[in-house]
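Student: I have a model open and want to go through how it is put together. Can we take it piece by piece?

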Amino acid sequence: MSHPTTRLDPAIHQPARLGILTAAAETKRIDFVSLRDLLDLTDGNLSRHLSTLEDAGYITIAKTFDGRKPRTWVSATKAGRKALKEEIAALREIIGAVDSEPAVGAIPAPSPVPGT
C-alpha cells in the first residue's frame, strides 16, 4: 500500500497549475486575462504554466479574435478533468489521514514535557 502523496500529479500539483485547471474545469472555457487576474500571475508565468498543462493533455488553448483584439481561451480536456478529480481524491485521502488515528506502525508523537 503506497502513501497517497505518490498519486499527486506533478503537472497539476503546483499551486498555479492547480488553480488554472480548477478554474478551467469550473467553466466551459476561461480567457487568458481572467485567469491571469484570478490567479495573480504575470503573462509570462501564466503562459509557462499553460504550456505545461497543454503538454500533459490537460487543457486546450484556442486563439480567437474579438473584433481586432486577439483573445486566448483555455478549456479543460476530458483527461484534465479526470486528472483533477484524481488529484482531489488523493488530497482528500491525505487530509483524512491527518485528521484520523495514527497509521499502524507509526511512531507516536512525544508527550509534552510538563512545566515547559
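Student: In S3, which residue is the bridge partner of Asp66?
Tutor: Lys69 is the bridge partner of Asp66. Keep in mind that this is a predicted model.

Student: How many bridges pair S2 and S3, and in which sense?
Tutor: S2 pairs with S3 (residues 69-76) over 8 bridges, in the antiparallel sense.

Student: And what is the strand order in the open sheet?
Tutor: The order is S1-S3-S2, 3 strands with antiparallel pairing. S1 (30-31) and S2 (59-66) are the edge strands, each pairing on one side only.

Student: Switching to helices. At what angle do H3 and H4 cross?
Tutor: The axes of H3 (residues 32-39) and H4 (residues 43-55) cross at roughly 110 degrees and come within 10 Å. The two helices are therefore roughly perpendicular to each other.

Student: Which residues meet there?
Tutor: From H3, Phe32, Leu35 and Arg36; from H4, Asp43, Leu46, Ser47 and Leu50. By class, that contact has 4 nonpolar, 1 polar and 2 charged residues.

Student: What else is Leu46 in contact with, leaving aside neighbours within four places in sequence?
Tutor: With that exclusion, Leu46 is in contact with Ile20, Phe32, Leu35, Arg36 and Leu41.

Student: Now the largest nonpolar core. How many residues, and which have the most contacts inside it?
Tutor: The core has 20 residues, and those with the most contacts inside it are Leu21, Leu35, Leu46, Leu50, Tyr58 and Val74.

Student: Which elements give two or more residues to this core?
Tutor: H1 (10-13), H2 (15-26), H3, H4, S3 and H5 (78-99). H2 gives the most, with 5 residues.

Note on methods. Residues numbered from 1 in each chain as written. Predicted model: local features only at pLDDT ≥ 70, side-chain atom pairs only at ≥ 80, totals over all residues. Heavy atoms only, no water. Axes fitted to C-alpha atoms, helices over the stretch in contact; angles between N-to-C directions. Helix = DSSP H or I, 4+ residues; strand = E, 2+ residues; numbered from the N terminus. Parallel < 35°, antiparallel > 145°, perpendicular 65-115°, else oblique. Contact = heavy atoms within 4.5 Å. Nonpolar A, V, L, I, M, F, W, Y, C, P; charged D, E, K, R; others polar. Pairing = 2+ DSSP bridges. Core = buried A, V, L, I, M, F, W, Y, C linked by side-chain atoms within 4.5 Å. Buried < 20%, exposed > 50% of the residue type's maximum accessible area, 1.4 Å probe, protein only.
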